[in-house]
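Thanks for making the time this morning.

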Amino acid sequence: MNTDTPTPRKLRVATVSLAGCFGCHMSFLDIDERLFELIEHVEFDRSPLTDIKTVGPCDIGLVEGGLCNAENVEVLRAFRANCRVLVAVGACAITGGLPALRNHLDVGDMLQAVYGTVPDDPELPLPLNKVHPIHEVVRIDHALPGCPPPADAFWQLLQDLMAGHEPVLNKGLIRYD
Ligand code: SF4
């Protein structure tokens with residue numbers, strides 16, 4: 001009789017930075033030595049950590065940054081279509097954050113002022129008139145507030161999701177700065 005307990009499947013996690021500064025990703029990496037424990041339980045799909053360019057079927061998607069151009073919208077929709085649980089990570093994903101400070105300006109006037117022309121290289125993604133939080137385009141399951149969220153908040157969220165619980169952040173981990 002085989003008494004071996006089957007090894008639990010690793011959860012597949014994707015991460016992306018849309019209109020963000022990668023500060024949320026840097027804070028995630030601040031879980032430091034807990035990364036070794038994490039990779040016992042998860043494997044990474046599309047992420048700056050793997051350099052995989054397109055998202056595949058995943059258990060968890062972590063989205064940093066809001067939406068400032070058409071490419072951001074396309075990538076976000078692919079994350080929603082592929083990730084069972086989608087998390088808005090940080091102020092930019094949740095509210096638009098710092099990039100949304102441009103929302104009171106005309107995007108054409110702004111490009112003209114910065115570049116002296118409106119850049120029209122076909123490889124450039126089409127800018128949106130306003131920067132949007134991600135919940136305006138797709139359904140999100142959880143939000144991790146902060147600019148950036150503290151490393152312990154990432155750790156708590158992932159531990160809860162790995163254990164199959166609804167994530168609950170302790171008071172000290174809910175940040176709005
Ligand atoms: Fe950067 Fe803050 Fe936005 Fe995260 S929430 S992407 S740290 S500006």
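How many disulfides does the structure hold? This is a predicted model, and in it there are zero disulfides.

Let me now step back to the chain as a whole. The protein chain has six helices and seven strands, and along the sequence they follow the pattern β-α-α-β-β-β-α-β-α-α-β-β-α. Buried residues make up 41% of its 177 residues, and the C-alpha atoms fill a box of roughly 75 × 35 × 30 Å along the principal axes. If we take the contacts between residues at least 6 apart in sequence, 76% of them join residues at least 24 apart.

Next, the sheet. Five strands form an open sheet in the order β2-β1-β3-β5-β7, with parallel pairing. At the edges stand β2 (42-44) and β7, and each has a single partner strand, so one side of each is left without a neighbour in the sheet. On average, and ignoring direction, neighbouring strands of this sheet are turned by 30 degrees against each other.

What about β1, is it enclosed or open? Six of its seven residues are buried, so β1 is largely enclosed by the rest of the structure. Three bridges join β1 to β2, the two running parallel, and here Arg-12 has Glu-43 of β2 as its bridge partner. Towards β3 there are five bridges, again with the strands running parallel, and Val-13 stands opposite Ile-60 in β3. Further along the sheet, β5 and β7 also run parallel and are joined by three bridges, with Val-87 opposite His-142 in β7.

Which strands does α6 touch as it packs on the sheet? Helix α6 touches β1, β2, β3, β5 and β7, and its direction makes about 155 degrees with that of β7.

I will finish by staying with α6, which spans residues 151-162. Its twelve residues reach 16 Å from the first C-alpha to the last, close to the 16 Å expected at 1.5 Å a residue. Its buried residues are Ala-151, Ala-153, Phe-154, Trp-155, Leu-157, Leu-158, Asp-160 and Leu-161, and I would draw your attention to Asp-160 as a member of that list. What covers these buried residues includes strands β1, β3 (58-64), β5 (83-89) and β7 (142-144), together with helices α1 (23-29) and α2 (34-41). Just after α6, Gly-164 takes a positive phi of about 80 degrees.

Key
Residues numbered from 1 in each chain as written. Predicted model: local features only at pLDDT ≥ 70, side-chain atom pairs only at ≥ 80, totals over all residues. Heavy atoms only, no water. Disulfide = S-S within 2.5 Å. Helix = DSSP H or I, 4+ residues; strand = E, 2+ residues; numbered from the N terminus. Expected span 1.5 Å × (residues − 1). Buried < 20%, exposed > 50% of the residue type's maximum accessible area, 1.4 Å probe, protein only. Contact = heavy atoms within 4.5 Å. Pairing = 2+ DSSP bridges. Axes fitted to C-alpha atoms, helices over the stretch in contact; angles between N-to-C directions.
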